[in-house]
There are 2 protein chains.
Amino acid sequence: MKNYHKIVIIGSGNVATVLGKALKKKGFTIVQVYGRKRETAKKLSHLLNCAFVTKLSDITLKADLYIIAVKDDAISGIASSLKLKSKTVVHTSGSIPMDVLKGVSECYGVLYPVHGFNKNEPLNAGIPFCIESANRDDRLKLERLVRKLKGKPFNMNSVQRAKLHLAAVFANNFTNHLWYIADTILSDARLPFKLLVSLAADNLNKLKSSHPAQHQTGPAIRKDTGVMKKHEQMLKKYPAEFGSVYKLLSKSIQAVNKDRNHK
Amino acid sequence: MKNYHKIVIIGSGNVATVLGKALKKKGFTIVQVYGRKRETAKKLSHLLNCAFVTKLSDITLKADLYIIAVKDDAISGIASSLKLKSKTVVHTSGSIPMDVLKGVSECYGVLYPVHGFNKNEPLNAGIPFCIESANRDDRLKLERLVRKLKGKPFNMNSVQRAKLHLAAVFANNFTNHLWYIADTILSDARLPFKLLVSLAADNLNKLKSSHPAQHQTGPAIRKDTGVMKKHEQMLKKYPAEFGSVYKLLSKSIQAVNKDRNHK
């Protein structure tokens with residue numbers, strides 16, 4: 001079983017750029033980049049020292065691995081007009097099932113990095129990569145590729161991956177929005193955001209060794225209605241959604257901790 | 001101006017215990033502990049090698065500093081039956097105005113550590129302490145006390161502190177609940193929670209140097225309605241609040257990013 005060596009990157013955004021640069025650095029040869037827009041495709045091809053194309057029909061058949069790193073809703077369109085025979089093709093999406101690539105090649109799979117990428121940052125070590133593939137040979141090769149990138153391979157099916165992606169929306173996108181609300185309130189009080197960073201860091205440390213159910217604190221779980229009413233009053237000067245978020249999250253905390261409070 | 005030396009701790013819970021132990025370790029003398037419940041007061045007095053009382057009227061007048069570390073809603077009751085002449089008295093609450101202590105002594109203030117305390121853990125270094133006081137002398141002494149504890153003193157008034165406390169509910173209590181939801185979805189998919197910890201750690205790192213508005217990601221801000229509908233469908237098997245939280249936070253993200261999306 002040979003490892004992948006020659007790789008085509010389909011896409012030229014954040015994930016395509018970060019993965020492409022990391023793969024090149026680890027000795028893989030990027031033979032071609034595909035991008036819908038000429039400018040961004042060209043730019044990435046310069047970074048990776050390879051050719052670029054802007055038509056799917058111009059993608060070379062001379063690579064071992066094709067990584068589709070485009071927006072979720074563009075994957076099925078690309079899949080429907082791409083034919084790669086028995087070459088391995090993977091997409092990098094958390095929410096799209098593997099089977100969308102069934103018609104592209106006999107060898108298809110998923111390589112989903114659980115991370116928020118920025119074009120200008122390198123690939124950190126220790127990032128989990130979710131792997132799925134139609135055959136065992138590709139699964140083992142993808143695992144090796146992930147380890148070469150200093151990532152952590154996790155095997156899971158499309159249903160599990162979709163749940164992980166949903167969970168990540170809560171743990172990442174939604175928490176960031178709560179930090180945004182906190183930041184808005186702090187700015188309004190002319191207080192620095194760093195006042196809350198050590199609190200957040202401490203909580204995250206706890207999550208490394210225990211589960212969030214074990215350390216829910218705050219007025220909602222204490223049923224401290226005096227403080228909660230005061231907070232709701234204070235929130236009236238901000239966008240209406242802030243108050244709604246406060247009420248709903250407090251309600252949700254109390255709902256899932258019902259048994260605990262009855263004790 | 002002499003520093004505080006002899007301290008009375010009023011309260012015997014998490015904050016009282018952690019602060020009491022840290023102060024003792026740094027050379028302060030804890031002369032007495034007050035607790036409503038005999039058992040917990042006794043236990044803490046053993047730890048701090050001092051006397052304990054269970055009646056407010058038995059609190060000694062021979063200390064320099066009185067730290068009221070009890071539940072928010074118990075502070076005003078204690079304040080109304082405590083007379084300490086010109087001895088300095090502070091409470092440790094984020095949400096209660098300083099003035100609640102006006103009748104207790106001429107010298108009153110607030111010492112609010114922005115942290116979630118657990119009895120069995122030591123006081124970490126670097127914790128922000130919010131300081132407020134009726135006079136300059138106490139403010140300087142409280143700042144010195146905080147620095148002795150390796151904390152970071154921040155001066156602010158009661159209105160600012162209440163806003164900080166509200167912001168902390170969003171950035172800490174509510175984010176923990178979102179992690180709880182994420183954990184529930186992951187367990188259901190038989191996936192380990194650690195899959196999301198590196199994502200959360202990376203986000204937190206970003207918050208140390210930039211603001212949350214700069215890195216909101218996810219389907220809501222991208223207006224990826226396909227993924228959002230799928231997620232809402234997936235959430236139907238969990239407690240109803242999870243779906244409501246998903247919809248409301250997505251709506252809130254879109255509301256505060258309206259201008260950005262119009263660009």
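**A helix pair across two chains**

Reply: H5(A) and H9(B) are oblique to each other, because oblique is the class left over when angles under 35 degrees count as roughly parallel, over 145 as roughly antiparallel and 65 to 115 as roughly perpendicular. The model is predicted, so local features need pLDDT of at least 70 and side-chain atom pairs pLDDT 80 or more, while totals for chains, interfaces and linings use all residues. Residues count from 1 along each chain as written, chains are lettered from A and ligands numbered from 1 in written order, and side-chain values use heavy atoms, without hydrogens and water.

The helices are residues 158–188 of chain A and 240–256 of chain B; helices (H or I, at least four residues) and strands (E, at least two) are DSSP runs numbered from the N terminus. Their axes come within 10 Å and cross at roughly 50°. Axes are lines fitted to C-alpha atoms, for helices over the stretch in contact, with angles from 0 to 180 degrees between N-to-C directions.

The crossing is left-handed: the near helix is turned anticlockwise from the far one by less than a right angle. The contact has 12 nonpolar, 4 polar and no charged residues. Ala, Val, Leu, Ile, Met, Phe, Trp, Tyr, Cys and Pro count as nonpolar, Asp, Glu, Lys and Arg as charged, the others as polar.

Elsewhere in chain A, helix H1 (14–25) lies across S1, S2, S4 and S7, at about 170° to S1(A).

Technical notes
Contact = heavy atoms within 4.5 Å.
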